[in-house]
Amino acid sequence: MVAARAGVSTATVSLVANGKTRGRVSADNISRVREAIAELGYVVDGIGSSLAKGVSSIVILVAPDISNPFFAKVIAGVRESLGSDYQLLLSVTDAGEFPQADDVRRLMALRPAGLLVDAPNAEFLEELSAAGPLVLLDAPGLEGYAPSVNLDVAHGARELAAHLAASGHKRVAYVDSVTGTATFEVRRSAFLEEATERGISVPPGCIISTTIDVGAAAGAFAVAWPQWQRHGVTAVVCGTDTHAYGVLQEARVAGVRIPEELAVAGFDDLPYSATSNPSLTSVHLPATPLGLKAGEQLRFLMEGRPLEQPQVTLESSLVVRGSTA
């Protein structure tokens with residue numbers, strides 16, 4: 001119908017609809033086909049195309065709890081890297097819940113060209129057993145499952161422990177994420193190990209977990225703070241900046257002076273961390289480069305090109321600001 005309306009062949013319509021006109025279709029024919037497509041409301045049948053080719057142009061990104069603003073920058077990096085040849089489909093969960101392998105397997109019926117999994121754990125990857133191109137993001141310790149692009153979160157965690165020790169802190173608390181993914185385990189364990197070596201202790205009951213939500217973190221801090229005070233806690237490290245924003249919010253309500261009475265730090269270095277009151281000390285994790293590199297690695301696999309470096313690690317660094325200074 002489009003070809004008849006535009007007065008061209010169906011092959012020409014296919015080239016225009018799939019963006020493959022360079023050097024093959026005249027500008028006049030492109031204009032006529034696009035006008036006919038608009039008039040008729042035609043769209044390419046992606047399912048039909050995937051059946052014909054055996055694979056679609058869809059890339060699935062599996063991510064736990066995208067309530068964390070960090071993921072928005074990761075997604076932007078992936079989207080930029082994939083370009084217009086692929087469509088990005090997100091498979092996400094409710095706050096605090098981890099993706100289920102069965103849910104992702106059902107999406108495989110769409111014949112995706114490739115799969116990205118952000119911040120997984122080993123159990124999920126073993127249950128998934130996905131065939132086809134696969135790249136992991138922020139998956140420390142899981143490099144044996146697939147090509148990975150990781151963040152050196154342990155380095156930043158150790159830098160943070162050293163900074164708090166140098167500032168004279170002896171007792172600290174920790175606010176963790178409830179998702180239980182490998183990246184949060186590494187953040188916590190690396191910080192606690194370095195803190196212990198530098199003479200910092202975490203008193204009993206001073207490690208708590210919440211969803212990645214400002215309100216949830218604020219509420220958890222309100223309940224925990226009296227006990228932390230009795231234990232002499234003078235600093236709290238949060239698994240994400242989002243957690244830290246909740247602590248800062250509730251600390252203001254409770255009249256706790258930051259950093260004089262309580263130093264606060266997080267992970268991610270979100271844009272708001274530089275402008276919060278006070279500005280937030282945070283471990284900088286390069287979110288957009290993480291997405292860019294993961295998308296690039298997956299694109300190589302989808303196009304049958306070898307990876308020069310299957311395992312890539314991006315550096316983290318500590319950014320010291322007013323909340324601990």
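Let's start at Phe-300, where Arg-305 lies over the face of the ring, 3.9 Å from the ring centre. Keep in mind as you look that this is a predicted model.

A pair of aromatic rings is described by the distance of the centres and the angle of the planes. This structure holds 4 aromatic pairs. In one of them, the centres of the Phe-221 and Trp-228 rings are 5.8 Å apart and the planes stand at 65 degrees, so the pair is edge-to-face; the cut-off for that label is an angle over 60 degrees. Ring pairs also bring in Trp-225, linking Phe-221, Trp-225 and Trp-228 into a cluster. Are Phe-221 and Trp-228 buried or exposed? Phe-221 has a relative accessibility of 1%, so it counts as buried. Trp-228 is buried because its relative accessible area is 0%, and the limit for buried is under 20%.

Now find Pro-204, in the loop between helix H9 (182-197) and strand S7 (207-210). With 63% relative accessibility, Pro-204 counts as exposed. Which residues does Pro-204 touch, not counting those up to four places away in sequence? They are Gln-227 and His-231. Along the sequence, Pro-204 and His-231 are 27 residues apart, while in space their C-alpha atoms are 8.6 Å apart.

Strand S7 leads us to a sheet. Here 6 strands form an open sheet with mixed pairing, in the order S7-S6-S8-S9-S10-S12. Why is one side of S7 and of S12 left without a neighbour in the sheet? S7 and strand S12 (317-319) stand at the edges and each has a single partner strand, so one side of each has no neighbour there. On average, neighbouring strands of this sheet are turned by 20 degrees against each other, direction ignored. Look next at strand S9 (residues 263-268) and strand S10 (residues 281-284): they run parallel and are joined by 4 bridges. Across this pairing, Phe-267 stands opposite Val-283 in S10.

The loop between S9 and S10 is worth a visit too. Asp-269 is found there, and its phi is near 55 degrees, a positive value in a residue other than glycine. Asp-269 is also buried, at 14% relative accessible area. Pro-278 lies in the loop between S9 and S10 as well, and a cis peptide bond joins Asn-277 to Pro-278, with omega about -5 degrees. Another cis bond runs from Ile-258 to Pro-259, with omega near 5 degrees. Pro-259 has its place in the loop between helix H11 (241-254) and S9.

Our last stop is Asp-138, in the loop between strand S4 (134-137) and strand S5 (148-151). Asp-138 has a positive phi of about 50 degrees although it is not a glycine. With a relative accessible area of 3%, Asp-138 is buried. What joins the side chains of Asp-138 and Thr-183? The answer is a polar contact of 3.0 Å. Leaving aside neighbours within four places in sequence, the contacts of Asp-138 include Asp-118, Pro-120, Asn-150 and Leu-290.

Definitions and conventions. Residues are numbered from 1 along each chain as its sequence is written. This is a predicted model: local features need pLDDT of at least 70, side-chain atom pairs count only at pLDDT 80 or more; totals for chains, interfaces and linings use all residues. Side-chain values use heavy atoms; hydrogens and water are left out. Rings of Phe, Tyr and Trp (its six-membered ring) pair if their centres lie within 6.5 Å; planes under 30 degrees apart count as stacked, over 60 as edge-to-face and the rest as tilted. Buried means under 20% relative accessible area, exposed over 50%, partly exposed in between (1.4 Å probe, protein chains only). A charge sits over a ring if NZ of Lys or CZ of Arg is within 6 Å of the ring centre and within 35 degrees of the ring normal. Helices (H or I, at least four residues) and strands (E, at least two) are DSSP runs, numbered from the N terminus. Contact means heavy atoms within 4.5 Å. Two strands pair if DSSP finds at least two bridges between them. Axes are lines fitted to C-alpha atoms, for helices over the stretch in contact, and angles run from 0 to 180 degrees between N-to-C directions. A polar contact is a pair of N or O atoms within 3.5 Å; within protein, one must be able to donate a hydrogen and the other to accept it, and residues adjacent in sequence count only if both atoms are side-chain atoms.
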